[in-house]
Amino acid sequence: MKHFVVFLLLMSCSKAFATEQAEEIFKQLAPSLYQIRLIDSASGEKSSIGSGFQISKDGLIATNYHVISGFALYPEKYQMQYLDHQGNKGKLTLKSVDVINDLAIVKREVEQEMDYFAIAEQNPVKGEELYSLGNPHDLGMIVVPGTYNGLKKESFNDKIHFTGSVNQGMSGGPVVNAKAEVVGVNVATSGNQIGFLVPHQKLQTLFKQLQIDPPVTIEQQMSEQLSASQDELVNALLTSPWQSKMLGNAKVPTIDVPFIRCWGNSNAEKQDAIVLSVVANCTLEENTFISSHFNTSTIEMEYQYLDAKSLPPLKFYHLYQQQIKRAGPGNKARKDDVTEYQCHHDLVMPENQTINTKSVFCTRNYKRFPQLYDVLFISGSIDKDKEALISHFTLAGVEQDSAMAFTKKFMEAIAWK
Amino acid sequence: MEIIVEQLTRGHKLISRDKFSNGEVNIGRAYSNDIIVSDPHVCPVHLQISFDGNAWIAQDKASINGSVIEQSNQPVHNHVIESGDIICFGKTMIRLIFPNHAIAKTIPFSPFEDLVDFARQPLIMACNILVFLAIAAWISYINKPIEVTWQHVAAPAIGMTLGFLSWPIVVSLVSHFTKNDARVMYQIGICFIFFNLFVLSSVLESIVYFNTSAHWSIAHLVVVLPISLAFGLFWLNCYIGFHMTAVRRFVTAGVLTTLLFGGSALVQLSKQPEFSPLPSYDATIMVPTLQFSSSSSVDDFVEQSQALFEQTRKQSEQEKE
């Protein structure tokens, strides 16, 4: 580790110096950087690539979970391979994953002790120059300088906000400070010059846990992580203050937490609209990646207030019914991942009799993680001739108790003024 | 002694019927015959039927193409006729019947006859078509999510009514071409009564679904209503337009009903994807005045929804196997 640490006495704001510094860092760290590839066993060709970096002398390599998710879910279909800076290839084995923070630790065979990246002990300071390393577009290792901008505020799971171009293939690559210590792992890009990183503490925790208590199976480890995360998330939602927000003549609940963000819209400006529609929706703006066709941990709440204006009730209700027919889930999933939805529907009135609704509750089970479900709820008011309120939510990857506690609280929070 | 000679088509449909009492009937193409046939395969003097004082005897007059008894397939040569014998010659067929031949019992007018007559009355028919037109206009009115004028709804309503009019007309045409009485007005009268009943049954169905939402199994029995209406319509179409036995009418109506409902069920089934990521549920909602049942409490709803978790989990286990 010591061999790696580059002591830089002066930090300069000159761009030329920054580039020089970046080159210096890259030269020293290159042997511990890898391209991680998933090879499709049947065709022998690579099906996805990402970056990785060594974090121990005995060959443990950190990368993103999403880089190796194919192998984690279908180990018989893929092989994991590394490619080092000299073009040498070798086989990798999967040791541990953190599906929530998108981290994975894989291992290569080593004959002798090797150099590796040190994980930082402390957080960077705002504005600190950082260097993102990786392998975008299969073009070879590159270094991207950028700036640390603190943690992303609206995120439930901590993410570092990094100003610099984190490209797709750089996923799993390290982000180091000037002392060449890892402060984060590249994970996502959100357009030009804005990237997100997994903070180094998450990697540190996973690394330590692997040494103390290695997972029995990866699937079980993922299952436990998903359960713990949904428990934490739903608990945070249920214990945070629920606020009653006016939508037309209706009162709908919103949850006062920074990671749920709400948006609104209406057709009030449209003169020819025969029904006034006011929409508000609140979502959790992140989700958990399980595979390219399956994600979870999404939360959506959506409300629509309708005013019939001069329409006769029969026509109003006929049009309003079309709005309730097509509720869909907030997350992607395929037949391998989930069952089809099963639904229950009824006419429901809360004890305080503030609203009478037609309510539909649907759920589907996760085939790989049988304690988890996606749930979907939609209800439409049926007690006013000229007004209606549609209330809808979806929760992905939750346990039965969490789902039902949320459903009950949600249903009781909807009312007319 | 008298004999009745019926000329038949190859499908045994009656063309003409004549009674002879002079003890001899000559049949052939020549104008000297008692029965003159225009079939070119028949000889000018082809067949003779004569009464010998005891029995009627059929005799082929050495014709080119011969004559045979249909029942026994024997050539006609001094054949002693029994009532009901069918003789084929050339491409012509005759049935020979004695006056004492047994006949079927008289069929009394069924109560449907009254219904059919009622439906055919111009006033009733006009009322039914107008009601249907009004329903069609209402449907196109409530389906349009924009401001509508009467022109917006008149055209689709008339189009829909004309479309539905094609069914009784098709049935009448079929019965006309099968040598039955077309009875167009009767068919139209009955069809529009049933079309209106279909609309009524679908409204009833929605009300039942809306009010019994928590009790699916019972509500599904309402499907019987449109199926029995369709059966009733097809049965009456057959009754009005075709001479057929009760069993045959029953089977025909049954087959048409099965084709209609089974066919549409099959089409829906074939469209269903192997896996749907979207939930399918009953979204029927109706205006407050049509709610007759009481609403459940949130606790009951939550409690009943709990069962779904167990169901999907079992389904998941089954599919994994």
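Two residues are taken to be in contact if their C-beta atoms, placed from the backbone, lie within 7 Å. The model is predicted: local features need pLDDT of at least 70, side-chain atom pairs count only at pLDDT 80 or more, and totals for chains, interfaces and linings use all residues. Residues are numbered from 1 along each chain as its sequence is written, and chains are lettered from A, with ligands numbered from 1, in the order in which they are written.

The contact between the chains takes 53 residues from chain A and 40 residues from chain B. On the side of chain A that touches chain B, at least two residues each come from α5 (313-325), β21 (342-348), β22 (357-365), β23 (373-381) and α6 (400-412) of chain A. Helices (H or I, at least four residues) and strands (E, at least two) are DSSP runs, numbered from the N terminus. α5(A) gives the most to this side, with 10 residues. By class, the side of chain A that touches chain B has 25 nonpolar, 14 polar and 14 charged residues. Here Ala, Val, Leu, Ile, Met, Phe, Trp, Tyr, Cys and Pro count as nonpolar, Asp, Glu, Lys and Arg as charged, and the others, Gly among them, as polar.

Chain A itself is divided into domain 1 (24-213) and domain 2 (224-416). These bounds come from an automatic or database domain assignment. The centres of the two domains of chain A, taken over C-alpha atoms, are separated by 37 Å. In chain A, 12 residues of domain 1 are in contact with 14 residues of domain 2. Helix α2 (residues 65-73) of chain A supplies three residues, the largest share of the side of domain 1 that touches domain 2. That side of domain 1 of chain A divides into four nonpolar, four polar and four charged residues.

Strand β16 (residues 260-266) of chain A holds G264(A). G264(A) is exposed, with 12 other C-beta atoms within 10 Å. A residue is buried if 20 or more other C-beta atoms lie within 10 Å of its own, exposed if 12 or fewer, and partly exposed in between; C-beta atoms are placed from the backbone. Not counting residues up to four places away in sequence, G264(A) touches V279(A) and A280(A). G264(A) and L237(A) are 27 residues apart in sequence and 21 Å apart in space, C-alpha to C-alpha.

In chain B, helix α6 (residues 224-241) has 18 residues, which at 1.5 Å a residue should span 26 Å; its end C-alpha atoms are 26 Å apart, which agrees. The expected span is 1.5 Å times one less than the number of residues. Buried residues of α6(B) include L233(B), F234(B), L236(B) and Y239(B). Their cover includes α1 (111-120), α3 (150-177), α4 (184-211) and α7 (246-271) of chain B.

The axes of α1(B) and α4(B) come within 8 Å and cross at roughly 95 degrees. Axes are lines fitted to C-alpha atoms, for helices over the stretch in contact, and angles run from 0 to 180 degrees between N-to-C directions. α1(B) and α4(B) are therefore roughly perpendicular to each other. Angles under 35 degrees count as roughly parallel, over 145 as roughly antiparallel, 65 to 115 as roughly perpendicular and the rest as oblique. V116(B), A119(B) and R120(B) in α1(B) meet residues of α4(B) including M185(B), Y186(B) and G189(B).
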